[in-house]
Amino acid sequence: MILAIDIGNTNIVLGGIEHGRRVFTARCGSDRNKTEDEYAMLFEGILKMHGVAPGDIEGGILSSVVPYLRTIIPRAVHLLTGKHILVVGSGLKTGLNIRMDNPASVGSDLVVDAVAALSKYPTPIAIFDMGTATTLSVIAKNGDYIGGMIIPGLRLSVDALSARAAALPYISLRTPPRLIGSNTVDCMQSGAIYGCAAMMDGLIDRVEEELGEPVTAVLTGGLGALVAPHCRREIHLEQDLLIHGLQILYEKNQARKKK
């Protein structure tokens, strides 16, 4: 089994992959205060919960947008399993042509998203990833990564609104009973959910206008399932897109080593 790990600013997603099939997916919080020993104990508990022994892990791959954890987590995995894992970044073969002013500045999560989407959908592609930030990545007809957008995340935006407006409470994110809210909480939830859905619909329209052709829209990230049903454009929901991309990159680079 290989261990695929995606480290975001809010959550860490772990996926166990065996013979090309995802055996489990688990989430835990991204904690910059934890040591490699603490993460090793945490991962050991997650593996045990899914019936996996540390000795079952033959290798792994990691993408991270948190620099500190990019070094701590590989150490934790090595401490637990004795295996050195791959880290998405400079030197790792991705097969992706990034046409940005500074290709090295593109987050490893966006690279992995793009690799996964290219393996499943026709180009051009617009990929939304809803995390701490909501990102939009655009893949051109020829498969090149040509750019995108970075937008304040849904949870971050709602919490900032509550923090800065004294009369507005902190709320849970769920779909309200009606589009037009009849109380403060419903109004905030409606603005957050339907506003985000309308934003994605509108951005897809504008991307298509700039490219001059229709795009395949893909949505991933923790809050994607909450927003996707309210989008009017067709959007393919892929909650394990990053894990799938990490699997592809692991296999590509293992095959490269064997040559």
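User: Why is S108 called buried?

Analyst: This is a predicted model, and in it S108 has a relative accessible area of 10%. Buried means under 20%, so S108 with its 10% gets that label. S108 sits in helix 3, residues 108-120.

User: What makes the pair S108 and S64 a polar contact?

Analyst: A polar atom of the S108 side chain lies 3.1 Å from the backbone oxygen of S64. The cut-off is within 3.5 Å, so 3.1 Å passes. Leaving out residues up to four places away in sequence, S108 touches S63, S64 and V88.

User: How do you know that R75 and E36 form a salt bridge?

Analyst: Their side chains come to 3.5 Å, N to O. The limit is within 4 Å, so the pair counts. R75 lies in helix 2 (residues 67-81) and E36 in helix 1, so the bridge ties together parts that are 39 residues apart in sequence.

User: Are those two buried or exposed, or something in between?

Analyst: R75 has 44% relative accessibility and E36 has 25%.

User: What about R99 and D144, what makes them a salt bridge?

Analyst: Their closest N and O atoms are 3.6 Å apart, and the rule asks for within 4 Å, so they qualify. R99 is in the loop between strand 5 and helix 3, while D144 is in the loop between strand 7 and strand 8 (145-152), so this pair ties together parts that are 45 residues apart in sequence. D144 is buried, at 10%.

User: Which residues are linked in a network of salt bridges?

Analyst: D205, E208 and R233. For E208 and R233, the closest N and O atoms are 2.8 Å apart, which is within 4 Å. E208 belongs to helix 5, and R233 to the loop between helix 6 (224-227) and strand 10 (236-237).

User: Why is E208 labelled buried but R233 partly exposed?

Analyst: E208 has a relative accessible area of 16%, and under 20% means buried. R233 has 26%, so R233 falls in the band between 20% and 50%.

User: How many salt bridges does the rule give?

Analyst: The count comes to eight.

How values were computed. Residues are numbered from 1 along each chain as its sequence is written. This is a predicted model: local features need pLDDT of at least 70, side-chain atom pairs count only at pLDDT 80 or more; totals for chains, interfaces and linings use all residues. Side-chain values use heavy atoms; hydrogens and water are left out. Helices (H or I, at least four residues) and strands (E, at least two) are DSSP runs, numbered from the N terminus. Buried means under 20% relative accessible area, exposed over 50%, partly exposed in between (1.4 Å probe, protein chains only). A polar contact is a pair of N or O atoms within 3.5 Å; within protein, one must be able to donate a hydrogen and the other to accept it, and residues adjacent in sequence count only if both atoms are side-chain atoms. Contact means heavy atoms within 4.5 Å.
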